[in-house]
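These are my notebook entries on a structure I looked through.

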Amino acid sequence: MYTDKGKNINNAFAVVFETYKNVNKLMEKIIAFAGEEREMYLSSNQFIRYKSDPNISGWAVSYFMLPFRRPIDKDTIYLVEIIFDYEFDHEKDNKGPQIGLSKLSYRDLPDDVFLSAGDYWFFTAPLYDEKFVQYNQNDEGTRFISKKINKERADYKHYGLNSIKSIYIPLVDVNSANIEEKIFNTFDELDSM
């Protein structure tokens with residue numbers, strides 16, 4: 001027989017696993033739309049995530065990343081991040097789960113760069129490490145444009161990363177019916193920024 005505390009713990013895990021199922025469905029829709037409607041392809045064999053055995057924040061996946069490329073612009077990665085991390089600090093008044101949409105432009109990104117599920121560092125360092133990049137942001141804290149990138153670090157492991165442009169939107173605003181508007185039209189907006 002469950003105690004109330006035991007039942008609450010099981011219910012909490014049930015919510016997490018149901019959320020994972022919904023995230024998986026959303027990612028499948030994004031991947032399909034990218035290929036069918038925008039001629040973009042995933043540059044990894046699956047989503048990229050942060051996972052760590054020694055660090056308890058890595059036990060549950062809280063960052064999901066989908067890196068896309070276009071055949072006509074091979075020196076650019078368009079990144080979709082689904083962020084559940086409660087410590088996410090781009091907005092000081094954390095508004096809940098976010099979707100980060102970023103355009104990362106490189107000087108020398110090889111055609112055969114293929115990222116594995118554990119290559120989260122390839123994106124988290126340039127996106128979130130203040131020693132790597134400094135940003136200008138708008139007043140709402142939702143749009144970020146790199147103003148200074150550490151060239152030595154960018155050249156060392158990141159194929160000469162030139163610039164990063166990012167927009168963050170609430171995850172709850174995105175569903176399978178508005179993927180084009182919320183995600184892919186935002187990528188178009190990043191192209192024009």
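Which backbone nitrogen lies 2.8 Å from a polar atom of the side chain of Asn 178? I found that this nitrogen belongs to Asn 175. The model is a predicted one, and I read the entries below with that in mind.

**Entry 1. Asn 178**

I placed Asn 178 in the loop between strand 8 (161-170) and helix 4. Its relative accessibility is 14%, so I recorded Asn 178 as buried, the limit being under 20%. Setting aside neighbours within four places in sequence, I listed Asp 173 and Ile 183 as the contacts of Asn 178.

**Entry 2. Confidence**

I then looked up the pLDDT values. The protein averages 82, and 89% of the residues score at least 70. Confidence is highest in helix 4 (residues 179-192), at a mean of 93, and lowest in strand 7 (residues 143-149), at 72.

**Entry 3. Salt bridges**

How many salt bridges does the count come to? I noted six.

I began with Asp 188, whose side chain meets that of Arg 38 in a salt bridge with an N to O distance of 3.1 Å. This pair links distant parts of the chain, with Asp 188 in helix 4 and Arg 38 in the loop between helix 1 (4-37) and strand 1 (41-42), 150 residues apart. Asp 188 is partly exposed, at a relative accessible area of 33%, whereas Arg 38 is buried at 17%.

Asp 188 also forms a salt bridge with Arg 70, at 3.9 Å from N to O. Arg 70 lies in strand 3 and Asp 188 in helix 4, so this pair ties together parts that are 118 residues apart in sequence. I recorded Arg 70 as buried, with 12% relative accessibility.

Arg 70 forms a salt bridge with Asp 191 as well, the closest N and O atoms being 3.3 Å apart. Here, too, distant parts of the chain are linked: Arg 70 in strand 3 and Asp 191 in helix 4 are 121 residues apart. Asp 191 is partly exposed, with a relative accessible area of 29%. Through shared partners, salt bridges join Arg 38, Arg 70, Lys 103, Glu 180, Asp 188 and Asp 191 into one network.

**Entry 4. Nonpolar cores**

Nonpolar side chains tend to be buried together in soluble globular proteins.

The largest nonpolar core has 26 residues. Among those with the most contacts inside this core I noted Ile 30, Phe 68, Ile 183 and Phe 187. Two or more residues each come from helix 1, strand 3, strand 4 (73-83), strand 5 (98-106), strand 8 and helix 4. Helix 1 gives the largest share, six residues. A second, separate core holds 25 residues, including Met 65, Ile 77, Leu 109 and Leu 161.

I followed the contacts of Phe 187, leaving out residues up to four places away in sequence. Phe 187 touches Met 40, Tyr 78, Leu 79, Val 80, Leu 101 and Ser 102.

**Entry 5. Leu 66**

Is Leu 66 buried or exposed? I recorded Leu 66 as buried, because its relative accessibility is 1%. Leu 66 is found in strand 3 (residues 63-70). Beyond four places in sequence, its contacts are Met 27, Ile 30, Ile 31, Leu 42, Phe 47, Tyr 78, Leu 79 and Val 80. I also noted Gln 46, which is 20 residues from Leu 66 along the chain, with a C-alpha separation of 7.8 Å.

Strand 5 pairs in the antiparallel sense with strand 4 over eight bridges, and Val 80 has Leu 101 of strand 5 as its bridge partner. Strand 5 also pairs with strand 8, again antiparallel, over nine bridges; there Ile 99 stands opposite Ile 169.

Lastly I looked at helix 2 (residues 121-128), which is mostly covered, with six of its eight residues buried. The buried residues are Phe 122, Phe 123, Thr 124, Ala 125, Pro 126 and Leu 127.

Notes. Residues are numbered from 1 along each chain as its sequence is written. This is a predicted model: local features need pLDDT of at least 70, side-chain atom pairs count only at pLDDT 80 or more; totals for chains, interfaces and linings use all residues. Side-chain values use heavy atoms; hydrogens and water are left out. Helices (H or I, at least four residues) and strands (E, at least two) are DSSP runs, numbered from the N terminus. Buried means under 20% relative accessible area, exposed over 50%, partly exposed in between (1.4 Å probe, protein chains only). Contact means heavy atoms within 4.5 Å. pLDDT is the predictor's confidence in each residue, from 0 to 100. A polar contact is a pair of N or O atoms within 3.5 Å; within protein, one must be able to donate a hydrogen and the other to accept it, and residues adjacent in sequence count only if both atoms are side-chain atoms. A salt bridge is a side-chain nitrogen of Lys or Arg within 4 Å of a carboxyl oxygen of Asp or Glu. A nonpolar core is a set of buried Ala, Val, Leu, Ile, Met, Phe, Trp, Tyr and Cys residues joined through side-chain atoms within 4.5 Å. Two strands pair if DSSP finds at least two bridges between them.
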